Amino acid sequence: MVASAATRAAPAGKRRGYDGVAVTVPVTIPYVRYSTRSAHWWLGRALAELIRGAGIAKGEVDGVCVSSFTLGPDTAVGLMQHLGMSPRWLDHIPMGGASGVVALRRAARAVQAGDAEVIACIAGDTNHVDSFRNTVSQFSRFAQDAVYPYGAGGPNASFALLTDYYMKHYGASREDFGKLCVAQRDNALKNPHALMKKPLTLQQYLDARPITDPIHLFDCVMPCAGAEGYLVMSEERARALKLPYARVRSTIERHNAFPEDPIQFRGGWAMDKDALFDHAGVAPADVDFLETYDDYPVINAMQFEDLGFCAKGEVAGFIRANEFTIDGSFPFNTSGGQLSVGQAGAAGGYLGFVQALRQLTGSAGRTQVKDAKIGVVSGFGMINYDRGLCSGAAILERGATQGEAA
């Protein structure tokens, strides 16, 4: 796998590395289809599991980063009062599927600067019967005027537009997207947290009822309730606590990339992928697994190209040449991804990140990729009619695994 040149490369400014930063204690609060509890409860559960997993007191968590769609009208600071906390560093990141990577960037730099010693990064949402409909109806004022006259207020119509354009211009087929969905379902069957418990065949994918052409049933995520989280601290602190951890080799984020494109066919990763890999000192060929944000299969295809695993326009051949299961030639979305685990609101932006931490700390159970040492996680969020506005990625490497930490 060879990286292609960026369409528009990022400036080659010198960036400080993430030396000394540890990412640890991957936590998932098991998903449920519907919940009568509030987002506050789900986020609190995630925080409690992080504290328990690290073996520390709640007061030792002196930084918190929060992402949630259904926490409103409260914010992160209101949540701190609700949870009885008084952190000296606090962030609220409303970037949807990019939140997990962006939270890491903020938290890692805060730890390096000494602004906080132990930062809990948490994301979660509830899902009442009307939660998803209400979230979608109020998601973006900018998009409402564009889509409401057509009777479509949700993401399916927007992503159908993107998918149709992408298929016509870059040759990807429903069979190609189906291959990814089938592989993710196979991975999900090994993940106890996944809500999808039945195998999926390519024929079942192809025969599924249409939702918004060319999107069919298995191209869509299932909204649910749940939470994800992880801790950021110094390596020294992680070793003292005997915690397995991953190191950060590099990260990127980009917002409102390529605004001149008539419709989104690439994301911010295309601007910054060379800087991402150069900063990490590795190449795409060195990566042992990839975890992408996967609200729809077309976004997976974009990320394969824009992160440099194949050139633009070559994704169909790349998909046909590889196997994407845990033991395949290109281990991909090893938890099953949102398409087979479920989309717990903003926690979907943490799902791949938390799974990557499990891979690199040797705690992924039946989803473990053999000898995983380097992983890439990417995020994508905040769809606004015909494009997602936020993107990010991180390259992580194995630090200390479960056995080594003990």
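The side chains of Gln343 and Tyr293 are joined by a polar contact of 3.0 Å. A polar contact is a pair of N or O atoms within 3.5 Å; within protein, one must be able to donate a hydrogen and the other to accept it, and residues adjacent in sequence count only if both atoms are side-chain atoms. The model is predicted: local features need pLDDT of at least 70, side-chain atom pairs count only at pLDDT 80 or more, and totals for chains, interfaces and linings use all residues. Residues are numbered from 1 along each chain as its sequence is written, and side-chain values use heavy atoms, with hydrogens and water left out.

Gln343 sits in the loop between α13 (337-341) and α14 (348-360). Helices (H or I, at least four residues) and strands (E, at least two) are DSSP runs, numbered from the N terminus. Gln343 counts as buried because its relative accessibility is 12%. Buried means under 20% relative accessible area, exposed over 50%, and partly exposed in between (1.4 Å probe, protein chains only).

The whole structure was searched for cavities, and three of 30 Å³ or more were found. On a 1 Å grid over the protein atoms alone, a cavity is a set of points where a 1.4 Å probe fits but cannot get out; lining residues have an atom within 4 Å of a point. Grid points are joined across faces, edges and corners, and a volume is the space filled by probe spheres set on the points.

The largest cavity holds about 100 Å³ of space. Its lining has 18 residues, and Thr292, Tyr293, Gly348, Leu351 and Gly352 lie nearest the centre. Two or more lining residues come from each of α13, α14 and β10 (374-383). Helix α14 gives the most, with five residues. By class, the lining of the largest cavity has five nonpolar, eleven polar and two charged residues. Ala, Val, Leu, Ile, Met, Phe, Trp, Tyr, Cys and Pro count as nonpolar, Asp, Glu, Lys and Arg as charged, and the others, Gly among them, as polar.

The second largest cavity has a volume of about 70 Å³. It is lined by 13 residues, with Ala257, Gln264, Gly267, Gly268 and Gly388 closest to its centre. Strand β11 (residues 388-400) gives the most to this lining, with four residues.

The search of the whole structure finds zero disulfides (pairs of cysteine sulfur atoms within 2.5 Å). The sulfur of Cys65 is 5.0 Å from the closest cysteine sulfur, in Cys121, which is too far for a bond. Cys65 counts as buried, at 0% relative accessibility.

Note on methods. On a 1 Å grid over the protein atoms alone, a cavity is a set of points where a 1.4 Å probe fits but cannot get out, and a pocket is an open set with protein on both sides within 12 Å along at least five of seven lines; lining residues have an atom within 4 Å of a point.
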